[in-house]
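Thanks, everyone; I would like to take a few minutes to walk through one model. Please have a look at the sequence and the structure before I start.

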Amino acid sequence: MPTYEYECKSCGHRFEKSQSMLDKPLRKCPECSKGVRRVIGNGAGIIFKGSGFYATDYRKSGYSEKEKSEKSPAAAPCANVKPSCQGCPSAS
């Protein structure tokens with residue numbers, strides 16, 4: 001549920017109110033009962049905690065095995081490809 005910030009037009013009192021997005025904006029100040037206006041606030045930072053927020057959390061189980069095999073030196077193409085080399089790893 002979002003939190004909205006209000007400011008009284010008369011006394012300047014500022015306050016926050018958690019409301020549903022479907023609720024109508026408040027009209028009265030809790031301090032002086034005069035009119036208020038909704039202030040556009042800074043909003044809140046979003047913090048993602050736990051699993052389920054990253055693309056790697058939803059990948060198939062075979063993905064990590066395939067990724068490891070692609071990064072291993074034996075599966076990587078030789079950087080020093082020469083006609084005499086027959087697919088052996090670089091001997092440096």
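Let me begin with a definition: accessible areas here come from the Shrake-Rupley method with a 1.4 Å probe, and for residues only the protein chains shown count as cover. On that basis the accessible surface of the protein comes to about 8300 Å², and carbon and sulfur atoms account for 53% of it. What you see is a predicted model, in which local features need pLDDT of at least 70 and side-chain atom pairs count only at pLDDT 80 or more, while totals for chains, interfaces and linings use all residues. Residues are numbered from 1 along each chain as its sequence is written, and side-chain values use heavy atoms, with hydrogens and water left out.

Turning to the fold, the protein has 1 helix and 3 strands, where helices (H or I, at least four residues) and strands (E, at least two) are DSSP runs numbered from the N terminus. Read from the N terminus, the elements run β-β-β-α. The strands form an open sheet of 3 strands in the order 2-1-3, with antiparallel pairing, and two strands are said to pair if DSSP finds at least two bridges between them. Strand 2 (14–18) and strand 3 (36–39) stand at the edges with a single partner strand each, so one side of each is left without a neighbour in the sheet. From one strand to the next, the twist averages 35°, an angle between N-to-C directions, on a scale from 0 to 180 degrees, of axes fitted as lines to C-alpha atoms. Strand 1 and strand 2 pair over 5 bridges, and the bridge partner of Thr3 in strand 2 is Ser18.

Within strand 1 (residues 3–8) sits Glu7. Is Glu7 buried or exposed? At 18% relative accessibility it counts as buried, given that buried means under 20% relative accessible area, exposed over 50%, and partly exposed in between. Its side chain makes a polar contact with the side chain of Arg37 (2.8 Å), that is, a pair of N or O atoms within 3.5 Å, one able to donate a hydrogen and the other to accept it.

Finally, the cysteines: the structure holds 0 disulfides, a disulfide being a pair of cysteine sulfur atoms within 2.5 Å. For Cys11, the nearest cysteine sulfur, that of Cys8, is 3.5 Å away. The sulfur of Cys29 is 3.9 Å from the closest one, in Cys11, too far for a bond. Cys29 is buried at 2% relative accessible area, whereas Cys11 is partly exposed at 45%.

Conventions
Buried means under 20% relative accessible area, exposed over 50%, partly exposed in between (1.4 Å probe, protein chains only).
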